[in-house]
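Opening the notebook on this one.

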Amino acid sequence: MSYDRVYNFSAGPSMLPVPVLEKAAAEMLNYNGSGMSVMEMSHRSKAYEEIINACRDKLRAVMAIPENYEILFLQGGASSQFAMVPLNLMNGTGIADYAVTGQFSKKAYQEAKRYGDARLAASSEDRNNTYIPAQDALKLSDDADYMHICFNNTIYGTKWNYIPETKCPLVADMSSCILSEPVDVSRFGLIYAGAQKNMAPAGLTVVIARKDLLGKARDITPTMFNYQIHADGESMYNTPPTYPIYVCKLVLEWIESLGGLTEMQKINAAKAAILYDYLDESALFKNPVEKEARSMMNVTFVTGNADLDAAFCKEAGAAGFVSVKGHRSVGGMRASIYNAMPVEGVEKLVAFMKDFECKNK
């Protein structure tokens with residue numbers, strides 16, 4: 001079946017795989033003979049219990065999550081984790097190290113300072129967040145309860161090309177790169193991600209936490225912000241985001257059908273190479289990020305002329321390439337090429353960019 005769909009390069013909420021949307025549409029009015037939509041289904045019903053358990057099991061399998069890690073399906077977006085992490089983990093010395101490499105890691109750092117001694121372990125603000133600090137540049141505390149990084153920086157288009165070595169548990173915001181490639185979960189104490197980029201519709205936040213780190217929340221921690229409460233309730237202390245969890249299950253099934261995260265990484269690397277290779281040879285468009293720190297998910301670029309940038313975004317939108325305007329804090333353009341973006345979407349965007357360049361020499 002053909003659909004009149006645009007190529008959506010939004011940083012999030014973003015594209016979902018067409019097979020996932022088709023499956024969800026087919027089951028919209030009557031899920032698995034239940035006579036109702038998953039949207040209408042009690043989260044305490046047997047039918048929904050099977051959905052959430054299957055999603056949890058699929059995620060553990062696809063990401064190879066060890067058994068000593070809890071998988072939590074929460075709400076509040078990744079931004080709520082900026083408070084939940086320190087409230088639950090800043091519980092020993094009250095010290096935590098933060099690497100600030102973009103807007104969201106800065107917000108996490110600022111929030112953590114409300115609850116303890118949050119220390120700046122590294123920053124890339126000196127060069128407008130166009131690089132990732134090297135291991136030997138990290139100023140790590142000997143007695144930190146944890147270190148926090150944002151693994152992929154959506155706004156600036158950078159990604160950590162290594163996993164930092166730390167004495168304490170490593171916490172990572174993986175909102176914009178989760179499920180894009182294999183990751184060694186055992187290297188992290190806690191991983192969290194808003195789902196609206198690579199996993200599901202907006203509304204679901206996934207937390208993957210080592211079990212021994214839970215159960216030590218501060219006394220001031222609100223009940224809804226206590227990881228152990230959600231772990232004990234199997235993510236059903238309150239009504240979970242039922243439909244996004246269902247769609248997340250479908251997305252995980254889709255990834256499995258492609259060959260898992262190893263194959264997903266190959267596809268994503270190929271898409272990114274198409275765009276970066278053109279940017280490196282273009283006389284008009286430039287990518288400001290240091291090559292070794294380039295994101296595979298969010299590709300930023302500029303012409304160096306604000307009026308020309310605006311013209312490009314307007315013409316691209318009219319041609320069916322939507323949401324290519326860069327974040328308001330940095331300007332320029334950004335193509336978010338998450339898992340669901342097909343290769344032909346990137347190829348056609350590059351063809352459009354080449355044509356625009358020819359017309360604007």
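This is a predicted model: local features need pLDDT of at least 70, side-chain atom pairs count only at pLDDT 80 or more; totals for chains, interfaces and linings use all residues.

**Cysteines**

I checked C168 and found its sulfur 17 Å from the closest cysteine sulfur, in C150, so that is too far for a bond. My cut-off for a disulfide is a pair of cysteine sulfur atoms within 2.5 Å. C168 is buried, at a relative accessible area of 13%. (Buried is under 20% relative accessible area, exposed over 50%, partly exposed in between, with a 1.4 Å probe and protein chains only.)

Residues are numbered from 1 along each chain as its sequence is written, and side-chain values use heavy atoms, with hydrogens and water left out.

Next I looked up C358, whose sulfur sits 19 Å from the closest cysteine sulfur, in C313, again too far for a bond. C358 is exposed, with a relative accessible area of 53%. How many disulfides does the rule give? The count is zero.

**Helix 2 and helix 6**

I then took helix 2 (residues 46-63) and helix 6 (residues 242-258), whose axes come within 9 Å and cross at roughly 40°. Axes here are lines fitted to C-alpha atoms over the stretch in contact, with angles from 0 to 180 degrees between N-to-C directions. Helices are DSSP runs (H or I, at least four residues), numbered from the N terminus.

The two helices are therefore oblique to each other, as angles under 35 degrees count as roughly parallel, over 145 as roughly antiparallel, 65 to 115 as roughly perpendicular and the rest as oblique.
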